[in-house]
Amino acid sequence: MDNQSPALQGRRRINQAMDANTQRDSTQQYEQDLDAGESGFIAGTRRIARDFGSSIANASADPMTLMDGTAQALGSFAVVGPMSRVAGTINSKGILAARKAGLLNAGEARTLAKAADNWGTAGLIGGMESGGVFQQTTNEVLGMDFATLQKNSPEFNQLVSEGLSMEEARARLANNAGIKAAAITAPAAVLMGRAVANFERAPMSTPTMKAALANIGTQTLEEAGQGGVGQTATNTAIQSTADKTRTTSEGVGTQMGTGALFGMTMAGTIQAPGMAAL
């Protein structure tokens, strides 16, 4: 962030404050709904819906924030295509070498090649998403103060009682939480990645207007889904390790909303030249 302009840094802080305020109000409403007798599922669903809408409204309110989020999404997206092509080349050479060595027959080689083609990019997307969730979860736990951990984490207190220093116990918790969150995220991330794999391999392809709109729509849904799954995984992992008071719906709607918004603007930016040429 140090390389960004002071104006952009200021806009980011304003947007973060707006999201924090709306999430605070949404949490209060969530707690009131529970006190009124609503089930955790219904109250959590309503909270997610509120946060989804408010996060989109907050990000859309400022053009600089909107462009910044789109640029960041484009930067992350740009990695997938080249990496998938490199991985595809490696897979092809490996399968060919195994075929020549007699380790695979022709049918097995074709099956592996088809699986690699169908799921290679999806696996790459899943790996990137779960890796990001691991880092996010680990950093969040490492940022917790010792007083909070002593109050809300039986596992932290157990580790300290076993002889670990507070710093060591927090680091152990952070790693455990990160691994749990990544493991929860990975299967869903791969499945959702499969839905956008063709687009992410060849993002500039725009054969028809219908195909372009389908790409934008699918990418929007995929980014929303990835954001929701990742935050739910983080919440679940932290709840079971570092903070027993964490609720599974916290921040989920916000991540889904910003994911959907910037997924749409990113895909729209990429597809726009081809759409204009149709």
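D33 touches E38, A43, R46 and R50, leaving out residues up to four places away in sequence; contact means heavy atoms within 4.5 Å. D33 is found in helix α1 (residues 6-35), where helices (H or I, at least four residues) and strands (E, at least two) are DSSP runs numbered from the N terminus. This is a predicted model, in which local features need pLDDT of at least 70 and side-chain atom pairs count only at pLDDT 80 or more, while totals for chains, interfaces and linings use all residues. Residues are numbered from 1 along each chain as its sequence is written, and side-chain values use heavy atoms, with hydrogens and water left out.

- D33 is buried, with a relative accessible area of 8%; buried means under 20% relative accessible area, exposed over 50%, and partly exposed in between (1.4 Å probe, protein chains only).
- D33 and R46 are 13 residues apart along the chain, and their C-alpha atoms are separated by 9.3 Å.

**Helix α2**

- The 21 residues of helix α2 (residues 40-60) should span 30 Å at 1.5 Å a residue, and this agrees with its end C-alpha atoms, which are 30 Å apart; the expected span is 1.5 Å times one less than the number of residues.
- The buried residues of α2 are A43, G44, R47, D51, S54, S55, N58 and A59.
- They cover an arc of only 120° around the axis, which puts them on the same side of α2; the arc is that of the directions from the helix axis to the C-beta atoms.

**T254**

- T254 lies in helix α9 (residues 252-277) and is buried, with a relative accessible area of 7%.
- Not counting residues up to four places away in sequence, T254 touches D19, Q23, D51, F52 and S55.

**Whole chain**

- The protein chain has 9 helices and 0 strands.
- Of its 278 residues, 38% count as buried.
- Among contacts between residues at least 6 apart in sequence, 75% join residues at least 24 apart.
- The accessible surface of the chain comes to about 14400 Å², with 61% of it belonging to carbon and sulfur atoms; areas come from the Shrake-Rupley method with a 1.4 Å probe, and for residues only the protein chains shown count as cover.

**Nonpolar cores**

- The largest nonpolar core has 16 residues, and those with the most contacts inside it are V141, L149, L173 and A242; such a core is a set of buried Ala, Val, Leu, Ile, Met, Phe, Trp, Tyr and Cys residues joined through side-chain atoms within 4.5 Å.
- Two or more residues of this core come from each of α4 (106-142), α6 (154-161), α7 (166-201) and α8 (209-241).
- The largest share of this core, 5 residues, comes from α7.
- Leaving aside neighbours within four places in sequence, L173 is in contact with V141, L149, S153, E155, F156, L159, T241 and A242.

**Aromatic pair**

- The structure holds 1 aromatic pair; rings of Phe, Tyr and Trp (its six-membered ring) pair if their centres lie within 6.5 Å, with planes under 30 degrees apart counted as stacked, over 60 as edge-to-face and the rest as tilted.
- F146 and F156 form this stacked pair, at 6.3 Å centre to centre and 20° between the planes.
- F146 lies in helix α5 (residues 146-152) and F156 in helix α6, so the pair ties together parts 10 residues apart in sequence.
- F156 is buried, with a relative accessible area of 0%.
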